[in-house]
Amino acid sequence: MSIRFKRRGTYFVFTLISAAALCGQTGNNNATGSQSLSQHYNDAQALQQAGKLNEAAEQYRAFLADALGELAMGYGLVRDYAQATPLFDEALTVKPDSPSLVLDDARTALAVGDLTHAKTLATEFIQKYPRDREKLAQAHQLLGRTLLKLNRNQEARKALEAAVALDPTFPNGYDLAVACLDLGDEKCALQIFSEMEKSFGDTPEIHMAFGRAYADSDFQPRAITEFKRAIEENPRLPGAHYLLAAVLLATGGDQSHLEDAETELKKELVISPRDSMTYIALGKIATTRKNYPEAETYLKKAILLGPPGPDAYLYLGQTYFETNRPVEAEKALRQCIDLSTDISRNRYQVQKAHFLLGRILMQKGQQDAAHAEMNIARELADKTLAQDKSKLAGLLDTSSPQDVPAPVAEASTTAVTTADSETLHRVELMREQIRFPVADSYNNLGVIAATNNDYSYAVTYFKHAAIWNPSLEGLDYNWGRAAFAGSQFADAIMPLSRYVKSHLDDTGARSVLAISQFMTGNYHGCIEALEPAIGKTDLAPQAEYVYAESMIRTGQIASGAARLRALEKLHPEIPDVHRALGETLGRQGDKQRALEELRTAIQLSPADADSHYDLGNMELESGDTAAAISELEAATRLMANSEKFHQKLADAYTTAHRPADARKEMETCNLLRARVQSGTSSHQAAAPEQ
């Protein structure tokens with residue numbers, strides 16, 4: 001193998017936004033930060049104003065995908081994958097055909113440990129986007145790294161070889177060398193590292209990177225050689241002395257190794273005096289030597305420097321146990337166990353904490369609790385034996401470098417924490433400043449979708465806009481009207497309720513809110529929404545109808561019926577009014593007028609199943625069985641999934657002495673009832689063939 005590797009910097013550039021909030025299409029052109037983002041957003045606004053809605057929507061989606069993707073990458077930098085993952089998902093929902101987003105999402109999935117998703121995304125990219133060699137190489141690298149974690153090393157090696165062939169960068173070559181080491185192919189790794197050294201130079205950083213790869217393999221003596229070469233070239237290289245000490249501890253436990261490791265760790269403290277990991281390692285050595293006062297000093301210093309981790313508490317607990325301080329030992333060991341969120345870390349090292357805790361509990365006479373801890377320790381010890389690779393006795397983090405190694409401070413926890421804190425501050429600032437144009441873009445996408453009568457998408461966009469800026473002017477109105485137009489009445493209620501509270505005189509919005517309340521069965525809510533408008537302004541007939549009907553359904557029968565009669569005179573063309581009046585007259589005992597109203601409703605709307613049902617039910621009660629059957633059969637044809645309709649038709653057949661027909665209807669009724677009880681809506685269940 002002879003590959004000339006290429007240099008490439010991979011630095012993430014944050015785009016910070018410096019302008020005020022946006023509303024509608026009135027945003028400042030600088031509000032979206034980078035030229036690319038600004039261009040997408042400004043083009044979208046111009047196209048929307050020109051009436052080119054489809055083109056505008058495409059530019060809004062491009063802006064959202066880029067903005068959300070950048071923000072997700074920012075959270076990825078600080079390893080806040082709980083924030084990064086949903087942002088990538090949101091960006092891909094907006095623009096599912098974005099190759100860069102697919103790759104970024106795959107990286108995040110790999111980092112968060114969702115290996116199945118990472119493999120799926122990387123494979124999908126390779127299949128869909130074969131022409132971009134650089135990005136294709138990245139996809140092969142991601143696939144290879146994922147397969148390594150899945151212990152599918154041969155497949156991983158093939159993927160990483162493809163990455164190197166396409167784009168021989170440092171990370172691609174490095175990961176291929178790691179795959180070779182995992183497969184026990186030392187010669188392959190040596191050849192790759194030799195080519196990389198020729199390409200990137202003989203630097204202390206590159207030897208540090210090679211040492212880390214060897215340290216996490218079956219060839220750990222080579223790690224010692226590489227770390228020593230790094231130190232020879234730069235004795236003050238942060239992390240090098242620590243890593244050399246770690247591999248010395250992992251490759252032998254004799255006195256000379258301990259002394260050499262201790263010497264290296266103390267040199268590390270001169271370079272990184274606030275590195276907690278170095279203090280933990282010194283504390284471990286002191287514990288091994290039974291120098292407990294010194295161990296306690298080192299370990300308490302490590303805990304003080306932080307961030308808190310399980311190792312310091314484990315060795316501190318061991319120190320307390322050996323010096324007969326059971327109360328302090330138990331507290332430290334329990335803290336170790338609580339902080340061990342990944343029990344496989346450091347070869348299930350937490351098993352020592354469970355074992356020592358079990359011994360303490362045994363001494364306290366808590367037999368059951370002691371046995372429970374001992375059982376856990378035994379199970380973890382078995383898993384330790386099953387592991388095929390050491391992780392340097394828990395002292396070495398083996399994350400791989402991402403590019404040509406610059407001077408690093410991998411062992412300096414304080415430095416990393418500070419950098420992460422500063423980066424997180426910039427990310428949060430970016431989130432705060434893009435939320436207004438992001439919300440505005442979602443709002444405009446919703447308006448465009450509603451203009452195209454795509455109300456389902458419109459509601460989805462408005463919901464996203466509300467997440468980013470719930471106080472965006474006009475958003476609640478847009479959201480509520482789109483949900484109403486799409487018959488999503490339950491979704492319309494919340495935004496319209498908020499809108500009406502701040503726009504008390506908007507009768508149109510009140511009417512839409514009231515109708516939505518009525519359609520969801522909240523009749524008191526319907527009355528409450530319309531009450532301020534009754535008698536003060538002319539209402540739409542539909543609003544008058546739902547108000548009158550709601551009065552009847554809440555027990556105000558006489559008043560509701562009076563309003564229905566008045567509405568009937570003004571608008572005799574509305575079938576719902578006749579049906580509602582017929583139902584009310586029937587309850588009041590005026591059967592003849594009730595029948596007339598229902599027949600009028602059917603004349604105006606022959607496909608109204610409810611009117612056929614009401615008329616059939618009333619005719620059945622009046623003894624006209626034949627007429628009742630005719631209407632009820634019509635009702636079941638129009639609404640075949642109604643359990644109630646089939647039940648009433650079965651009753652009519654029984655009255656008409658048609659047992660076979662009655663039995664058939666009851667079978668249908670029972671089937672529909674069973675589906676409802678099993679959790680399937682009767683509106684979704686398909687009625688059996690008649």
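A salt bridge is a side-chain nitrogen of Lys or Arg within 4 Å of a carboxyl oxygen of Asp or Glu. In this predicted model, the side chains of arginine 673 and glutamate 643 meet that description, with N and O 2.8 Å apart. Because arginine 673 belongs to helix α34 (residues 659–677) and glutamate 643 to helix α33 (residues 643–655), the pair ties together parts that are 30 residues apart in sequence. Arginine 673 is partly exposed, at a relative accessible area of 27%, and glutamate 643 is likewise classed as partly exposed, at 24%.

## Charged pairs within a helix

In helix α27 (residues 541–553), arginine 553 and glutamate 549 lie 4 residues apart, about one turn of the helix, and their closest N and O atoms are separated by 2.9 Å. As for accessibility, arginine 553 counts as partly exposed at 43%, whereas glutamate 549 is buried, with a relative accessible area of 2%.

Helix α5 (residues 115–128) contains both glutamate 124 and lysine 128, which are 4 residues apart, or about one turn of the helix. Their side chains form a salt bridge with an N to O distance of 4.0 Å. Glutamate 124 is partly exposed, with a relative accessible area of 28%, and lysine 128 is also partly exposed, with a value of 46%.

## A salt-bridge network

Beyond these pairs, salt bridges also link Glu296, Lys300, Arg325 and Glu328 in a network.

## Nonpolar cores

The largest nonpolar core comprises 173 residues, and within this core Phe193, Tyr442 and Trp468 are the residues that touch the most other members. Helix α2 (residues 53–77) supplies the largest share of this core, with 11 residues. Apart from this core lies another, of 12 residues, which includes Ala609, Ala628, Ile629 and Phe645.

For phenylalanine 193, the surroundings can be given residue by residue: when its neighbours within four places in sequence are left aside, phenylalanine 193 is in contact with Tyr174, Ala177, Phe210, Ala213 and Tyr214.

Definitions and conventions: Residues are numbered from 1 along each chain as its sequence is written. This is a predicted model: local features need pLDDT of at least 70, side-chain atom pairs count only at pLDDT 80 or more; totals for chains, interfaces and linings use all residues. Side-chain values use heavy atoms; hydrogens and water are left out. A nonpolar core is a set of buried Ala, Val, Leu, Ile, Met, Phe, Trp, Tyr and Cys residues joined through side-chain atoms within 4.5 Å. Buried means under 20% relative accessible area, exposed over 50%, partly exposed in between (1.4 Å probe, protein chains only). Helices (H or I, at least four residues) and strands (E, at least two) are DSSP runs, numbered from the N terminus. Contact means heavy atoms within 4.5 Å.
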